[in-house]
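Trainee: I would like to go through the terms used for this model and see what each one rests on.

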Amino acid sequence: MVVAYLHTSHILIPMFDELSKREMPQAEVFHMVDESLIRNTIRIGRLTKTTIRRVLSAVKSAHDGGADAVMVTCSSIGPAATIAGRLFDFPVVRVDEAMAEAAVRLGRRIGVAATLRTTLEPTVALLREKGAAIGVEIDARESLCDNAFQAVLKGDAETHDRLLVDSILRLADEVDVMVLAQASMARVVDRLASGCRRVPILSSPEFAVKRARALLFPQVPVEAH
């Protein structure tokens, strides 16, 4: 089985390579990167029909290139992944979908940390959709840390992580569970001392790779690595 990862930044490749080797070592993987998908979304301030069509084309190209399943790893273009999943007859994994399903089962008050407005809004919408599916009305508490995004654009990952951790800790007292809206945020969980993790803090990459494993290798026990 072959999994293709569609990224909007190359920085996610090592993390998804590592998770793939750990969670589904049977799979072959390859990566496709198109930074213009997120750049155009940020510039316009929303996901456009043009970008959705381009995501659909990229997903189809990945399948034509040999992928049995395709994962879209950028939450800002997540709604396009949902459309692709309905359109195509092969698995298309939206990176934050499994995380959202887990979050709505952990509590009604959900903190959503993001560094981009274009990621925050579709993540909140997804949480509300998943909550409605199980009869739960979600109270989303948003934390937009755009200063962190500006820092990472300048290559200052240390400042990005510090600002993001601070924003998570400020919101944690008000919610039942925290979700990190962008896959690139996953690494900051390790910076939170166990005593500071007042509530569950969920990030999408591991949930998404396990979802891909369940779709492609349903015979593998969930606890297996």
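**Pockets and sheet**

Mentor: The largest pocket holds about 670 Å³ of space, a volume being the space filled by probe spheres set on grid points joined across faces, edges and corners. The model is predicted, with local features needing pLDDT of at least 70 and side-chain atom pairs 80 or more, while totals for chains, interfaces and linings use all residues. Residues are numbered from 1 along each chain, and side-chain values use heavy atoms, without hydrogens and water.

Trainee: What makes a residue part of the lining of the largest pocket?

Mentor: A pocket is an open set of points on a 1 Å grid over the protein atoms alone, where a 1.4 Å probe fits, with protein on both sides within 12 Å along at least five of seven lines; a lining residue has an atom within 4 Å of a point. By that rule 24 residues line the largest pocket, and Thr 8, Ser 9, Ile 11, Ile 38 and Phe 149 lie nearest its centre.

Trainee: How many residues of this lining are nonpolar, polar and charged?

Mentor: Ten are nonpolar, eleven polar and three charged. Ala, Val, Leu, Ile, Met, Phe, Trp, Tyr, Cys and Pro count as nonpolar, Asp, Glu, Lys and Arg as charged, and the others, Gly among them, as polar.

Trainee: Why are E3 and E4 called paired?

Mentor: Pairing requires at least two DSSP bridges between two strands; E3 (residues 69-72) and E4 have three, in the parallel sense, so they pair. Strands here are DSSP runs of E, at least two residues, numbered from the N terminus. Val 72 has Arg 94 in E4 as its bridge partner.

How values were computed. Helix = DSSP H or I, 4+ residues; strand = E, 2+ residues; numbered from the N terminus.
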